[in-house]
Amino acid sequence: MAVLLNCSSRSNRAAEQRARLGELLKETGFDADLLCAEKTRHMGELARYAAREPYDLVVAAGGDGTVNTVAAAVAGTDKTLGVLPLGTVNHFAKYLGVPLTLEGAVRTLVEGRRARVDVGEVNGRVFVNNSTLGIYPSIVRDREALRKRSGLNKWVALALATVSGIRRHERVRLRLFLDGQELQLDTPFVFVANNDFKLGDVDLARQRPPGSGELGVCVAHAESRLSSVRLIASALAGRIQEASDFSVLRTTELRVEAPGRGRLHVAADGEVLKMKPPLCYRTRPEALRVIVPLSSQISAGARRREGSTAHVAALGG
């Protein structure tokens, strides 16, 4: 087993986590190699190395960014991904049902079972949670800039960046092609879901998650700054699915064109990338083998598709 850890943080908390993780792994009796990325940008190289080596289990110890990087290297191979949630949001760990305590997560590596889940892709870039366009990538960039410049707490920086993003009310003109339909719109926000409709802890749809081989697509139609504020308030109150200027769609593939735009900022599991349109989204069913608790709701194979086979909801609600 290889355990991949982002060691770039020099904080006391990070050092304590590393020490405690070493103790817990030793107690399990696992033959584990603890591999540290001294800089965040080195994690991808380390993950690809682990995926090439004869490790059966490759464990991502970190937040959703670390999980995304390791999952991208492991997807499509015979390796199993384990998750030790050491981040702030830990979206993928919550989806799998992995305990958020380090002790519980390590116990899952010992006692858990294997399952397969889908991954999403945008222009070949893997994401396990979601990908977003529009205001959210701008908010993430502003948040990180604030943290570097002022040393603010992540949540405070996020709040300030969100207010700034709403003030700007940036919209992007897009053409979406899915399931034989073409949708033209000016939108502040497009959200593409692989496993559920959650952005952080906010459930954007409050309906069944995308089924196996299916992507969920949420589109905002807010045409004014006030509409955006109302939409965000609805999301925080858990009532966004009732908004008339918000649509939820389902599809197997999505093509996004941006007339007149050379590059788009695209967030994939929270990491912001610059990509040249068109953006081609697809799902890779059962591409990722994961280890989950015995009590996890994830089935042994891919997620069953429930209900109707229709993929696209009508725009406008």
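Guide: Ser131 has Val192 in β10 as its bridge partner. The strands concerned are β7 (residues 130-134) and β10 (residues 189-193), which run antiparallel and are joined by five bridges. Strands here are DSSP runs of E with at least two residues, helices are runs of H or I with at least four residues, and both are numbered from the N terminus; two strands pair if DSSP finds at least two bridges between them.

This is a predicted model, in which local features need pLDDT of at least 70 and side-chain atom pairs count only at pLDDT 80 or more, while totals for chains, interfaces and linings use all residues. Residues are numbered from 1 along each chain as its sequence is written, and side-chain values use heavy atoms, with hydrogens and water left out.

Both β7 and β10 belong to an open sheet of six strands, ordered β14-β13-β10-β7-β16-β17, with antiparallel pairing. At its edges stand β14 (246-251) and β17 (271-275); each has a single partner strand, so one side of each is left without a neighbour in the sheet. From one strand to the next, the twist averages 20 degrees, where axes are lines fitted to C-alpha atoms, for helices over the stretch in contact, and angles run from 0 to 180 degrees between N-to-C directions. In a regular strand the side chains alternate between the two faces of the sheet.

Another antiparallel pair consists of β8 (residues 172-178) and β9 (residues 181-187), joined by seven bridges. Within this pair, Phe177 has Glu182 in β9 as its bridge partner. The two strands form a hairpin with two residues between them, and Asp179 in the turn has a positive phi of about 50 degrees.

Turning to the helices, the axes of α2 (residues 43-52) and α3 (residues 64-74) come within 8 Å and cross at roughly 40 degrees. The two helices are therefore oblique to each other, given that angles under 35 degrees count as roughly parallel, over 145 as roughly antiparallel, 65 to 115 as roughly perpendicular and the rest as oblique. Among the residues that meet are Met43 and Ala47 in α2, and Thr66 and Val70 in α3.

For the chain as a whole, there are eight helices and 18 strands. Of its 317 residues, 50% count as buried, meaning under 20% relative accessible area, with exposed over 50% and partly exposed in between (1.4 Å probe, protein chains only).

Note on methods: Contact means heavy atoms within 4.5 Å.
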